[in-house]
Each structure stands twice: as structure tokens, then as C-alpha cells.
Amino acid sequence: MKRLLVLVVCTVMLLTISGCFPRVKPLPKAVLIDDTHNNIFTSSIDEYSTSASSDYFEGIITILYSRGYEVAYSSEAGFNPQNYAIVILSMPLQAYTPTEIAALNAQLGKKGKIIMMDLLVEVPPSSTFFLDALSDGLNTGIGFVWGLVTDTVNNIGGNKLVITSDNFGAHPIASTLSNKIAMMFTTKLTVEGNASAVVYAENSAVFLTYVSSLEEQASIPQASDPIPIVAASSVNGGKVVAISSAYAFHGTLMGIVPGNTELFEAIVDW
């Protein structure tokens, strides 16, 4: 009888104690696409503007819908990343404020996922610098390096600017990939700490720095290690993925390169 009484008392105490700690409410199955930081695809600067956001993200939105996600743009819903399971930060030409970084940290604390996508811009301001600063602010261990990755061997149609690779790392995202991916206007990533490379450029790739145009480039001496072009990190309970070329997920390139679709699906499912 005493044992039963002790068991009941302990159970009541555990239930009482557990009720004192607030539970983290799961984030809704929704995606926020940032289009309020002068992002290249919505930029008012003609040389940066590419197309309407709905057209640009057509490929990835189709995948997100197929997996049951709702999709919103920050220009319409506000930049409130802490309310979304996935936040896509693509090609910003404007810095993120301390308040915005805190909100992104809060989203990660709720086991959210942030996808950061770069694109080489010849002359600063460049999304590379803004994403690198943000990545540092979030302590991801991923660095964005301004410059261009080209490959005269592994590419599409002989175009060294459209590199291809199936040089995959050991990260879980890479474990489901089976086809080459393609990237255009690709920058370079660095990884340290908890960060890991998901995809490397092939060993034939070269990292170049701009001089004045795509035809006038100077090579930067490279270490023997391959160049990371997709990386991932676990941060504050959440996940961060960095892609060095947002064009990898443009609807057109995804339509002709099956590996790019595989990659985005793997990122969403990770």
C-alpha cells in the first residue's frame, strides 16, 4: 500500500513539475520567402532585377506545395520568420537588422529551418556580403566568399559559368542525391565548427576573383581541398542550409537538371 501511495505521489509531482515548464509550440507547416531586403529578383536596380518572384521560385514552390507547405512572401505577410517552419533568404542586397537576426534565431530555437541562397554580383553591394554577415550573426559556421567558381571540364554545354558536380559530402542531405547538380554564377562557401559541406565543386573547378568583367578574371591561389558550394549546419536547435548559387533552384534550371530538384527536396526533407 505504501509503495502504491509513493508511486501516486511521485506521478502527481512529475505531472505538476512538467506543467510548470512551457512547451515549445510546433511551427506551422509554412514557408516565408524574403522579398523585402532589396533581393535581386525584386530589385529596382535594372542590372540586378531578374524576374517576378513568383516566376523565379516556381520550381521550389511546386515542391513545397507537394509536401503540404503554405508559402508566403515577406512583402505581404511581414518579415516574421519566427512564425514559419522554413525561411528562404535569397540574394539580399540589404543588411539584416539586429532585430531581424534575433527573430531568425528565435525561429531556429523553435526547430525551424533557414535556407540562404547567394548569387555572384560583379560589383558590390553583393548578396554575398550580407549573407556572410547574417551567417556570422547566427553562428552557423558557414562563410560566404565573394568570387566566382568556374569549371572548364564539368559544366553544361561547354559554358564554364554553369558548373556541374556530383562531388557529395557525408552530410545526410547528400545521402539521397544520385544525379549531378548544376549551378550558375556560383560563389564559394567555407565551413567550420558544426557546419558541413553537402556538395563540393569538382576538383577541376577554379575559384576566381573579379577584375572588371567575366572575361577578365584573376585566379586566387587555392588549397588542395575542394570548394564547398552547398553547406549545412545545426544551430540553436534548428537547421541552416547555404547554397552558393540561387540559380540552382530557378525553375528553368531545375527543369533540365534532375539533380537540382533532388537537392531541394532533400533540403526540405532534412
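Which residues are buried in helix H6 (residues 127-137)? The section on helix H6 below takes this up.

## Model and conventions

This is a predicted model, in which local features need pLDDT of at least 70 and side-chain atom pairs count only at pLDDT 80 or more, while totals for chains, interfaces and linings use all residues. Residues are numbered from 1 along each chain as its sequence is written, and side-chain values use heavy atoms, with hydrogens and water left out.

## Overall composition

The protein chain contains eight helices and 15 strands; these are DSSP runs numbered from the N terminus, with helices (H or I) of at least four residues and strands (E) of at least two. Of its 270 residues, 48% are buried. Buried means under 20% relative accessible area, exposed over 50%, and partly exposed in between, with a 1.4 Å probe and protein chains only.

Of the contacts (heavy atoms within 4.5 Å) between residues at least 6 apart in sequence, 73% join residues at least 24 apart.

## Helix H6

In helix H6 (residues 127-137), the buried residues are Ser127, Thr128, Leu131, Leu134 and Ser135. They lie on the same side of H6, because they cover an arc of only 135 degrees around the axis. The arc is taken from the directions from the helix axis to the C-beta atoms. An α-helix has 3.6 residues a turn, so residues three or four places apart point the same way.

The cover over the buried residues of H6 includes strand E3 (86-90), helix H5 (98-109), strand E4 (113-117), E5 and strand E10 (186-191). Just after H6, asparagine 139 has a positive phi of about 55 degrees.

## Sheet E6-E7-E9

Strands E6, E7 and E9 form an open sheet of three strands in the order E6-E7-E9, with antiparallel pairing. E6 and E9 are the edge strands, each pairing on one side only. Two strands are taken to pair if DSSP finds at least two bridges between them. Strands of a sheet pair through backbone hydrogen bonds, either parallel or antiparallel.

Strand E6 (residues 155-156) is joined to E7 by two bridges, and isoleucine 156 has asparagine 159 in E7 as its bridge partner. These two strands form a hairpin with two residues between them, and glycine 157 in the turn takes a positive phi of about 60 degrees. On the E9 side, four bridges join E7 to E9. Here threonine 164 stands opposite alanine 182 in E9, and serine 165 stands opposite isoleucine 181 in E9. E7 is mostly covered, with five of its seven residues buried.

## Threonine 150

Threonine 150 is placed in strand E5 (residues 142-150). With a relative accessible area of 5%, threonine 150 is buried. Leaving aside neighbours within four places in sequence, threonine 150 is in contact with Lys160, Leu161, Ile163, Ala205, Val206 and Leu208.

## Salt bridges

Side chains of opposite charge can pair when their charged atoms come close. The whole structure holds three salt bridges, each defined as a side-chain nitrogen of Lys or Arg within 4 Å of a carboxyl oxygen of Asp or Glu. One of them pairs aspartate 269 with arginine 67 at 2.8 Å, N to O. This pair links distant parts of the chain, 202 residues apart: aspartate 269 is in helix H8 (residues 258-269), and arginine 67 is in the loop between helix H3 (58-66) and strand E2 (70-73). Arginine 67 is partly exposed, at 25% relative accessibility.

Asp166, Lys180 and Glu202 are linked in a network of salt bridges. The closest N and O atoms of aspartate 166 and lysine 180 are 3.7 Å apart. Aspartate 166 lies in the loop between strand E7 (159-165) and strand E8 (167-168), and lysine 180 in the loop between E8 and strand E9 (181-184), so this pair ties together parts that are 14 residues apart in sequence. Lysine 180 also meets glutamate 202, at 3.4 Å, N to O. Glutamate 202 lies in the loop between strand E11 (196-200) and strand E12 (206-213), so the pair with lysine 180 ties together parts that are 22 residues apart in sequence. Aspartate 166 is partly exposed, with a relative accessible area of 38%, and lysine 180 is partly exposed at 33%, whereas glutamate 202 is buried at 16%.
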